[in-house]
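Reader: I am new to this structure and would like to understand how it is built. Could you show it to me?

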Amino acid sequence: MPGGGRCPDCGSTELVEDSHYAQSQLVCSECGCVVSEGVLTTTFSDEGNLRAVTYSQSTGENEQVSRSKQRGLRRVRDLCRVLQLPPTFEDTAVAYYQQAYQHSGIRAARLQKKEVLVGCCVLITCRQHNWPLTMGTICTLLYADLDVFSGTYMQIVKLLGLDVPSLCLAELVKTYCSSFKLFQASPSVLAKYVEDKEKMLSRTLQLVELANETWLVTGRHPLPVITAAAFLAWQSLQPSDRLTCSLARFCKLANVDLPCPAASRLQELLAVLLRMAEQLAWLQVLKLDKRSVVKHIGDLLQHRHMLVRKAFRDGKVEMETQGKEGQGQGQGEEEAGNCSLDLPEKKRPASPALLLPPCMLKPPKRIHPTPPVSLVTGDEDISDSEIEQYLRTPQEIRDFQRAQAARQAATSVPNPP
Amino acid sequence: MEEEETYLELYLGQCAVQDDLALPRSTLFSPGVPYDVYIPNPSNPETAFNSHLEEVKETSGDFSSVDLSFLPDELTQENKDQTVIRSKHEIENCKTQSQDSRLPLSSEEDVRLGVNSSSLSHSQSHLYPGDADSVQPSPEKPNSNLLPLGSIAPMTPMTPVSECSKIVPQLQNIVSTVNLACKLDLKKIALHAKNAEYNPKRFAAVIMRIREPRTTALIFSSGKMVCTGAKSEEQSRLAARKYARVVQKLGFPARFLDFKIQNMVGSCDVRFSIRLEGLVLTHQQFSSYEPELFPGLIYRMVKPRIVLLIFVSGKVVLTGAKERSEIYEAFENIYPILKGFKKA
């Protein structure tokens, strides 16, 4: 960070200011060599970082702040440093933590919740600066449960009245794909699997945009979609060598966890691509399937906007033709649309599919009958016989008590004196 | 000061006269028609509406000088309905009477009456579904969702009243509480009743179920009881009475006090897909959409105070209502917003 310094051991310029107990040091982040030690901290900052300071030199700054709050603020700073966030983020996150601590509900919360609160403050800061940090990452770093994290996060957003923007998908693609270990050859990554970072990034972005447009992203966790898109992008850049590699193997190669839903996202994305391929004249004759369509992803992406428009129609029109009750305005549009679609080809393109989220395309699991309108007034007479059906007869009570006693005896027996 | 008060009394006196004349016409105030309506200058509805908005801001400071003593502070359920109906008549007739309806009174009353609207609609809840259809759409009148409870909350966009959907949310669950007003021996209840389960180590209440109406009750040793699972308010009341009878038959002097519906859950389907990302962008103050945590969007409506779970498939779950009309009203409010997101 400070300009001009070089590590004497490895020569890198990546020097980090770190504090070892009470003494500040300039350390090389590559090899760990201590470049210099010195008074680069002040008593004030030492106290802020919970460093020991002699009483006569202390500023009294932290006397008003409780230990647990100091610990929490320290944790916020540490988390920001571990995530290598820009320095301004740290101050914002600390400010949020302090703001949260003003509420009595947070002050009295358990330590587990306070720990999770640290993550929440950092997450909110990152979201507001469009820094793509996922909740999964923070939970892994904090060893926290996602349920606990989500509860605290929703509570704190409501409590502080904050406006937290959504996760920025494009940035997440860039960060996530950059973490793949596929850009350099190594003993585990064969030469034919190595890929150029820029090409893969741009193609993955295009595939993710396509997924977003065709309803595969709304309501779903973003990461598995990106994994599936990255896999398809990587395969399509050199299909001859890579078609044999499965999604699981790809993730192992790239040294990345395979999220469970990624497989089904992959199938959905391939289905979309197949539909688009049916609209291209030179691909119709090839009778593509899920494996062979990968070879043509480049072409499909090049013309994706037009292909999506042609391959899919709004649900409105299709509902009419299928006889469902729907909005009736689409009728005229459908006629016009079909006429313009009639390209001078021997084979007509496949009839447009519905552009709907997958959950709406699957048949309903069970039919929901509308319940009959009940004429209950709430003040009807309640017959005795109806109530008595819920009561035990004296004989049944005795049997039940005997059975309970027997069970108690049985469970307490395996306890040899 | 005095001048203003006498002017007010004179004005209200006029209205009272009109009140008597016009009474047969407006016996029941339809909750479907927005409360904050006043007849703007017919020649120029738009500007009149805009100036009403400005006026609301201007006159918000003047309420100290206005005498609102005819509106009681603490309204009980019975008094509420009557007082509100009465004052509504006055206002309605004042508005129909005068072209110059720029009473500083009206804007605060609207806010107050907005508070009381749910109680009013409770007394006329059985009329509500019918009323929604019979409301004459009047394009120059702003929609009721334009004036939320708190003046701090930003206003939702104006939508024409004529876009009422034909969809009626179905009630799925009603939670109610009742006080049996006697101490109960839970062990005895669990022993003598077939349909009861009691695990003191897990939970400090007896869980009892009946078949008709299909509900579950939590019965506590203090005598309080929670009844869940009914599909309508009447069914919930009947079920609670049945549980109380069971407890009575077991030998306890159970009564049936303070029956209250605590929560109502409804659901429906708008039958088109919704772009949740778009909805969270335009309605940030009300929505929360975290796909990493939950696939639906959580929309916290201010008026009425209902939480809606909106899913990409178009299914909507409405919860947090104390009355049926709140669910219907919330759905009528959200439907135009969702229609705006029908196409990508």
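Author: Before we turn to the sheet, one term is needed: two strands pair if DSSP finds at least two bridges between them. Please also note that this is a predicted model.

Reader: Which strands of chain B form the open sheet, and in what order?

Author: The open sheet has 10 strands, in the order E2-E3-E4-E5-E1-E6-E10-E9-E8-E7 of chain B, and the pairing is antiparallel.

Reader: Which strands are at the edges?

Author: Strand E2 (196–198) and strand E7 (287–289) of chain B are the edge strands, each pairing on one side only. On average, neighbouring strands of this sheet are turned by 15° against each other, direction ignored.

Reader: How many bridges join E7(B) to E8(B)?

Author: There are 3 bridges between E7(B) and strand E8 (residues 297–301) of chain B, and the two run antiparallel. Within this pairing, Tyr299(B) in E8(B) stands opposite Ser287(B).

Reader: Which helix packs on the sheet?

Author: Helix H9 (residues 324–339) of chain B does, touching E1, E6, E8, strand E9 (306–310) and strand E10 (315–321) of chain B. The direction of H9 makes about 140° with that of E10(B).

Reader: Back to E1(B): how many bridges join it to E6(B)?

Author: Strand E1 (residues 170–179) of chain B is joined by 8 bridges to strand E6 (residues 257–269) of chain B, running antiparallel. Ile174(B) has Met264(B) in E6(B) as its bridge partner. E1(B) is also joined by 6 bridges to strand E5 (residues 224–230) of chain B, again antiparallel. There, Asn179(B) has Lys224(B) as its bridge partner.

Reader: What does the secondary structure of chain B come to, and how much of the chain is buried?

Author: Chain B has 9 helices and 10 strands. Of its 344 residues, 47% are buried. The chain exposes about 17100 Å², with carbon and sulfur atoms supplying 54% of that area.

Reader: Turning to chain A, at what angle do H5(A) and H7(A) pack?

Author: Helix H5 (residues 111–128) and helix H7 (residues 146–160) of chain A pack at an angle of about 65°, with their axes 9 Å apart. Their crossing is right-handed.

Reader: Which residues meet there?

Author: On the H5(A) side they include Val116(A), Leu117(A), Cys120(A) and Leu123(A), and on the H7(A) side they include Phe149(A), Tyr153(A) and Ile156(A). The residues of this contact divide into 10 nonpolar, 4 polar and 2 charged.

Note on methods. Residues numbered from 1 in each chain as written. Chains lettered and ligands numbered in written order. Predicted model: local features only at pLDDT ≥ 70, side-chain atom pairs only at ≥ 80, totals over all residues. Heavy atoms only, no water. Axes fitted to C-alpha atoms, helices over the stretch in contact; angles between N-to-C directions. Helix = DSSP H or I, 4+ residues; strand = E, 2+ residues; numbered from the N terminus. Left-handed = near helix turned anticlockwise from the far one by under 90°. Contact = heavy atoms within 4.5 Å. Nonpolar A, V, L, I, M, F, W, Y, C, P; charged D, E, K, R; others polar. Buried < 20%, exposed > 50% of the residue type's maximum accessible area, 1.4 Å probe, protein only. Areas by Shrake-Rupley, 256 points an atom, 1.4 Å probe, with all protein chains shown as cover.
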